[in-house]
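Trainee: Could you take a close look at one spot in this model for me and then walk me outward from there? I'd like to hear how its surroundings are put together.

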Amino acid sequence: MSPAGEKANPKKKFPLLRLLFGGFFLWLIIRSFFFQVMYIPSSSMRGTLNEGDYILVNKLAYGPRMPITLFSLPFAGSDRYLDWVIFSYRRIPGYSDVKRDDIIVFNLPGSTLPIDLHRPYIKRCMALPGDSISIINGDVFVNGKKSPRPEWSQQRYAVELKNCNDPKLLFEQLGIQQPAASPDKIHYTLFLSEVQLNKLRATGKVAAFSLDRVKQKTFNVQLFPHDPTFKWNADFYGPLYIPQKGKTVKLTSKNSSLYRTIIVDHEKNTFEIRRDSIFINSKYAPAYTFKQNYFFAMGDNRYDSEDSRYWGFVPESHIIGKASMLLTTSGEGRNFSFIR
């Protein structure tokens with residue numbers, strides 16, 4: 001038979017299309033089960049990670065989460081998905097568990113969308129399932145033991161300058177986050193790490209400084225659980241028990257605001273208070289046993305971070321992976337360095 005009479009080999013058709021499809025499929029597998037690149041959009045981890053940094057998220061560490069929405073469009077917005085096929089949460093076992101001080105990437109709780117379409121967040125894990133966390137005068141205590149501050153974590157200072165003609169230039173030279181305008185160009189509220197504070201003092205342009213703390217029992221309604229029964233604020237918070245899978249807590253009308261959201265939203269129950277008694281799924285419930293683990297996460301720039309103090313617990317089902325490597329940075333020469 002002549003070559004002209006031979007049937008065309010289908011493998012030789014559309015080579016570019018096959019290459020593109022194969023490349024996309026490989027990228028999708030790697031992104032879903034192995035690693036993902038993430039952009040840092042805010043200053044909540046400033047010092048450790050800065051706005052504009054790109055990091056590598058390791059999904060193997062805690063175990064890759066199986067896809068939940070099978071048909072969604074990458075880069076097309078969180079609401080661009082088809083609800084024809086939505087799977088329940090499942091995770092392949094990883095090679096480690098979440099540890100205190102790990103920097104974790106997770107989907108922000110609270111959205112009505114499927115979990116994997118919630119906005120991705122990055123924070124430091126401060127407390128694990130079963131822990132009790134408190135913040136006393138700005139310091140974090142876990143199970144009664146003071147937690148060391150991350151090396152570059154920032155605190156809020158009231159700073160009075162002297163002999164400074166251009167404060168904006170001074171802050172820029174020292175890598176200090178630009179504060180709100182000061183009416184007298186002398187008094188500022190600054191977010192500073194200990195290293196930045198020492199550099200600022202070394203310039204000889206600081207007349208006075210002090211930690212800017214919130215007074216105890218000053219109620220901040222923006223903070224979780226948004227209940228005046230718990231007069232908590234950013235510097236005085238807790239104690240708060242972090243729910244652990246299989247563990248049981250007593251429920252009362254007074255502490256119900258601490259756990260109601262996860263019982264309803266994350267563990268899919270109904271919750272009702274009748275004459276100071278708790279009813280879950282229409283049954284009297286003086287106690288509740290949790291179905292999954294939860295975590296408490298905070299930003300290293302603690303006074304410019306919306307974290308667990310504001311919206312509560314991070315469910316295990318929402319965890320994407322561990323922040324493992326800084327790829328590119330807007331700061332000074334730390335490209336391709338491991339994140340601590």
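Mentor: Let's start at Ser-134, which counts as buried because its relative accessibility is 14% (buried means under 20% relative accessible area, exposed over 50%, partly exposed in between, with a 1.4 Å probe and protein chains only). Bear in mind that this is a predicted model: local features need pLDDT of at least 70, side-chain atom pairs count only at pLDDT 80 or more, and totals for chains, interfaces and linings use all residues. Residues are numbered from 1 along each chain as its sequence is written, and side-chain values use heavy atoms, with hydrogens and water left out.

Ser-134 belongs to strand E5, residues 132-136 (strands, E, have at least two residues and helices, H or I, at least four; both are DSSP runs numbered from the N terminus). Skip the neighbours within four places in sequence, and Ser-134 is in contact with Asp-139, Val-140, Phe-141, Tyr-237, Gly-238 and Pro-239 (contact means heavy atoms within 4.5 Å).

Now for the rings. The structure holds 16 aromatic pairs (rings of Phe, Tyr and Trp, the last by its six-membered ring, pair if their centres lie within 6.5 Å; planes under 30 degrees apart count as stacked, over 60 as edge-to-face and the rest as tilted). One of them is Phe-171 with Tyr-188, edge-to-face at 5.2 Å centre to centre and 85° between the planes. Phe-171 sits in helix H2 (residues 167-173) and Tyr-188 in strand E9 (residues 187-192), so this pair ties together parts 17 residues apart in sequence. Phe-171 counts as buried at 1% relative accessibility, and Tyr-188 does too at 10%.

Back to Tyr-237, one of the contacts of Ser-134. The ring of Tyr-237 pairs with that of Phe-296: the centres are 5.9 Å apart and the planes at 55°, so the pair is tilted. Here distant parts of the chain are linked, with Tyr-237 in strand E11 (residues 236-241) and Phe-296 in strand E17 (residues 294-298), 59 residues apart. Tyr-237 and Phe-296 are both buried.

Elsewhere, ring pairs join Phe-224, Tyr-259, Tyr-288, Phe-290, Tyr-294 and Phe-313 into a cluster. Rings also meet charges: the charged end of Arg-274 sits over the ring of Phe-279, 4.0 Å from its centre, and that of Arg-90 over the ring of Phe-87, 5.9 Å from its centre (sitting over a ring means NZ of Lys or CZ of Arg within 6 Å of the ring centre and within 35 degrees of the ring normal).

Leu-19 is exposed, with a relative accessible area of 60%.
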